[in-house]
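Please look through the sequence and structure before reading on.

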Amino acid sequence: MLIKVSGAAVQGIDAYIVTIEASTSRGIRFFLVGLPDSAVKESHERIISAFQVNGYRFPSCQIIINMAPADIRKEGAAYDLPLAIGIMASVGDISASLLGNYVIMGEMGLDGTLQPVKGALSMAMKAHSEGFKGIILPYQNAPEAAVIEGLEVYGAQNLRQVVDLLNDVPGHMLPLQKKSFSQALSQEDYIADFADVKGQNEVKRALEVAACAGHNLIMIGPPGSGKSMMARALPSILPPLTEQESIETTRIHSVAGFTGDGAALITRRPFRHPHHTITNVALTGGGSNAQPGEISLAHNGVLYLDELPEFTRSALEVLRQPLEDRTIVISRAKYRVEYPASFMLVASMNPCPCGYYNHPTKECHCTPAIIERYLGRVSGPLMDRFDIQCEILPVGFDDMSSDQKGEPSSVIRERVIAARKIQLARFSDEKSVYCNAQMDSRLLRKYAMAEPAAIRILGEAMNRLNLSARAYDRILKVARTIADMEESRTISPKHIAEAIGYRSLDRASWGK
């Protein structure tokens with residue numbers, strides 16, 4: 001008897017349907033074809049054990065299973081459940097009448113207990129788009145898949161529950177109820193708040209400007225000046241994720257297996273903080289079995305690189321293309337995948353190897369050549385891609401000893417949300433553009449309207465600092481954001497002047 005069971009596989013962050021055809025005939029052999037990898041082939045032993053523990057009979061006949069499309073490699077243990085269901089249905093232990101309604105995926109233990117799989121949200125989206133009635137998954141993945149409207153989602157704990165569901169046994173499990181996006185929103189406190197940051201008002205202002213439009217930012221200053229603390233507080237002033245952004249972010253983390261048991265949606269903007277020893281593949285994605293890297297896991301959030309010059313030159317240079325295109329394409333001999341990578345890059349670094357160049361009280365022991373070589377670890381093209389460059393000085397004793405709290409993140413966040421609303425309205429007719437940092441040259445000419453006096457100031461700065469064309473665009477973007485914060489339709493000289501002030505590292509005297 002020939003039976004077809006529908007499963008799903010994920011390539012990149014998109015899923016495609018895998019049809020599992022199970023046929024039984026006279027004989028004693030077991031054949032599994034369709035380019036399965038070792039983990040898929042090992043499912044045979046797990047299925048036999050699960051059948052025995054749960055009191056089911058493994059067929060004593062020849063079984064041929066084909067996984068179509070046969071020219072795409074099938075990877076992982078998530079096919080255990082659909083393979084087991086196909087075998088049981090082929091010998092009549094499961095009614096085949098309901099099989100066509102569901103996509104079925106799940107890894108099984110030796111006792112038939114189901115283990116979570118990766119990419120459940122993408123699988124559910126594909127099942128819905130292909131017209132399936134529902135999807136059957138391990139119960140840990142069910143809340144994640146249940147965010148898709150119009151799709152029945154069943155979260156099973158073991159093989160027996162799935163068999164009872166497909167045989168329409170009375171009292172079988174019911175589909176999971178979808179939670180609204182507002183119900184899924186996290187109410188936990190952030191790990192850092194700007195109220196706890198002593199002094200550094202100029203830098204906090206720069207971080208607020210960056211948050212208002214997703215600008216890339218770098219902070220350079222001596223050790224202990226608060227760079228890492230302020231970077232960690234940045235997520236607390238970012239606007240909340242929209243439902244669409246939340247789904248995009250969850251899909252990426254689901255494919256990587258980072259959503260956590262029982263999680264429905266990721267409702268906070270990601271904050272990724274990789275160590276400087278990270279490899280290129282871990283940063284960008286890829287590998288023998290393609291996985292998203294840190295830049296994709298930071299999609300719709302923040303990628304923080306502490307001690308920027310300590311990262312390898314190749315790892316830093318690979319960031320240049322995703323920073324412009326907001327996607328990363330991984331091309332290998334066996335696959336080609338594209339991952340979203342629209343992240344806000346925040347970096348920090350010391351001004352020199354000893355850390356005390358330009359320090360007001362401590363002496364720097366580095367020679368000009370050493371300082372220049374240290375700063376040269378970060379290339380000019382990459383440095384150009386930071387919209388905001390902040391020089392930080394140590395916090396003074398008066399600020400450190402003061403009991404006065406700074407402005408809390410909740411207040412700053414309200415201003416950020418207000419500025420973002422202006423930008424959302426501005427770019428409502430533009431595809432895939434939501435904030436000023438995403439503007440290209442065409443949109444700059446259309447929306448970054450500067451007063452003549454402001455243009456003259458910018459021209460003088462371009463000549464004096466010998467700025468690049470990219471720096472020109474960055475200054476206009478930041479000026480547009482500062483104007484939005486003041487609800488100004490045009491960019492005035494003061495807006496341009498503040499934006500130019502955020503190009504600290506472009507000064508000819510820096511590092512000399």
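The model is predicted. Its protein chain holds 22 helices and 18 strands.

**Overall build**

- The C-alpha trace of the protein chain spans about 85 × 45 × 45 Å along its principal axes.
- The protein chain has 512 residues, and 52% of them are buried.
- About 22,800 Å² of accessible surface belongs to the protein chain, with 51% of that surface on carbon and sulfur atoms.

**The largest pocket**

- The largest pocket contains about 1,200 Å³ of space.
- Its lining is made up of 50 residues, and those nearest the centre are R326, S342, S432, Y434 and Q438.
- Two or more lining residues come from each of these elements: α10 (243-256), α14 (320-325), β16 (336-340), α18 (409-426), α19 (441-447) and α21 (469-485).
- By class, the lining of the largest pocket has 19 nonpolar, 13 polar and 18 charged residues.

**The second largest pocket**

- The volume of the second largest pocket is about 840 Å³.
- This pocket is lined by 29 residues, with V10, R73, E75, N289 and A290 closest to its centre.
- Strands β1 (2-11) and β16 are the elements that each give two or more residues to this lining.
- The largest share of the lining of the second largest pocket is from β1, which supplies 4 residues.
- The lining of the second largest pocket divides into 17 nonpolar, 6 polar and 6 charged residues.

**The enclosed cavity**

- Rolling a probe the size of a water molecule over the atoms shows where empty space is left.
- Across the whole structure, a search finds 1 cavity of 30 Å³ or more.
- The largest cavity holds about 40 Å³ of space.
- Among the 11 residues that line the largest cavity, P222, Y357, N358, E391 and I392 lie nearest its centre.
- The lining of the largest cavity consists of 7 nonpolar residues, 3 polar residues and 1 charged residue.

**Nonpolar cores**

- The largest nonpolar core has 63 residues, and the members that touch the most others are Y79, I85, I104, L159 and L166.
- Helix α3 (residues 80-90) gives the largest share of this core, 7 residues.
- Beyond its neighbours within four places in sequence, I104 is in contact with V5, S6, G7, L81, P82, I85, L99, I136 and L166.
- Another core, of 53 residues, lies apart from the largest one, and its members include V197, L234, V416 and V433.

**A buried loop residue**

- Where is N436 placed? N436 sits in the loop between α18 and α19.
- N436 counts as buried because its relative accessibility is 0%, and buried means under 20%.
- Leaving aside neighbours within four places in sequence, the residues in contact with N436 are A213, H215, Q423, R426, F427, K477, R480, T481 and D484.

Notes:
Residues numbered from 1 in each chain as written. Predicted model: local features only at pLDDT ≥ 70, side-chain atom pairs only at ≥ 80, totals over all residues. Heavy atoms only, no water. 1 Å grid on protein atoms, 1.4 Å probe; cavity = no way out; pocket = protein on both sides within 12 Å on 5 of 7 lines; lining within 4 Å. Points joined across faces, edges and corners; volume = space filled by probe spheres on them. Nonpolar A, V, L, I, M, F, W, Y, C, P; charged D, E, K, R; others polar. Buried < 20%, exposed > 50% of the residue type's maximum accessible area, 1.4 Å probe, protein only. Contact = heavy atoms within 4.5 Å. Core = buried A, V, L, I, M, F, W, Y, C linked by side-chain atoms within 4.5 Å. Areas by Shrake-Rupley, 256 points an atom, 1.4 Å probe, with all protein chains shown as cover.
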